Amino acid sequence: MFLLILLALPAFGVDGFEVYKKYCSSCHTLHPPPLKAPPMSMVSYRVKLFYPKEEDFVRFVKEYIVNPSQEKGVCMPMTYRVFGVMPPVGRAMTEEEREAVARWLYRNF
Ligand code: HEC
């Protein structure tokens, strides 16, 4: 059983929560109150209104964090006025890290 778990681990790859802590938590808190950006729970809720299916949501988030812009963003207009547009933090991340954090964002809120 233990061996099975060990063998299965690489299949899960990068842990989305670890990626969040490393790359997103300096701006996005998990829940309100906000710090320098809307909290992750609210981002997840909002993006799901526009991209309810997991695959569409993941594709949007992965692309947004590499090339953010207000034109394609789905936050309320006030969000960009208060916080500005987020920087392209995804460019410094690996494909696995972007995938993991996007799925974590979908599944954990
Ligand atoms: C330097 C601060 C900062 C960091 C770091 C940051 N964000 Fe953001 N993020 C923002 C701000 C500000 C907004 C609101 C404006 C916007 O949407 O661009 C935002 C909005 C978002 C949105 C909503 C996009 C939209 O407009 O529809 C998503 C999704 C998101 N962030 C994901 C992430 C993820 C995932 C990470 C970590 C990999 C991350 N952010 C790291 C500042 C940041």
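This tour goes from the ligand's iron atom out to the shell around the ligand. The model is predicted: local features need pLDDT of at least 70, side-chain atom pairs count only at pLDDT 80 or more, and totals for chains, interfaces and linings use all residues. Residues are numbered from 1 along each chain as its sequence is written, and side-chain values use heavy atoms, with hydrogens and water left out.

**Select the iron.** His28 (NE2) and Met86 (SD) coordinate the iron atom of the ligand at 2.0 to 2.3 Å. Donors are N, O and S atoms within 2.8 Å of the metal (3.2 Å for Na, K and Ca); water is not among the atoms, so sites may look incomplete. The 6 donor atoms subtend angles of 83 to 180°, which makes the arrangement octahedral (six donors, opposite ones over 155 degrees apart and all others between 65 and 115). Ideal angles for six octahedral donors are 90 or 180 degrees.

**Select the shell.** 25 residues surround the ligand, each with a heavy atom within 4 Å of it. The closest are Cys24, Cys27, His28, Tyr64 and Met86. By class, the shell has 19 nonpolar, 5 polar and 1 charged residues. Here Ala, Val, Leu, Ile, Met, Phe, Trp, Tyr, Cys and Pro count as nonpolar, Asp, Glu, Lys and Arg as charged, and the others, Gly among them, as polar.

Terms used: Tetrahedral: all angles 85-135°; square planar, octahedral: opposite > 155°, others 65-115°.
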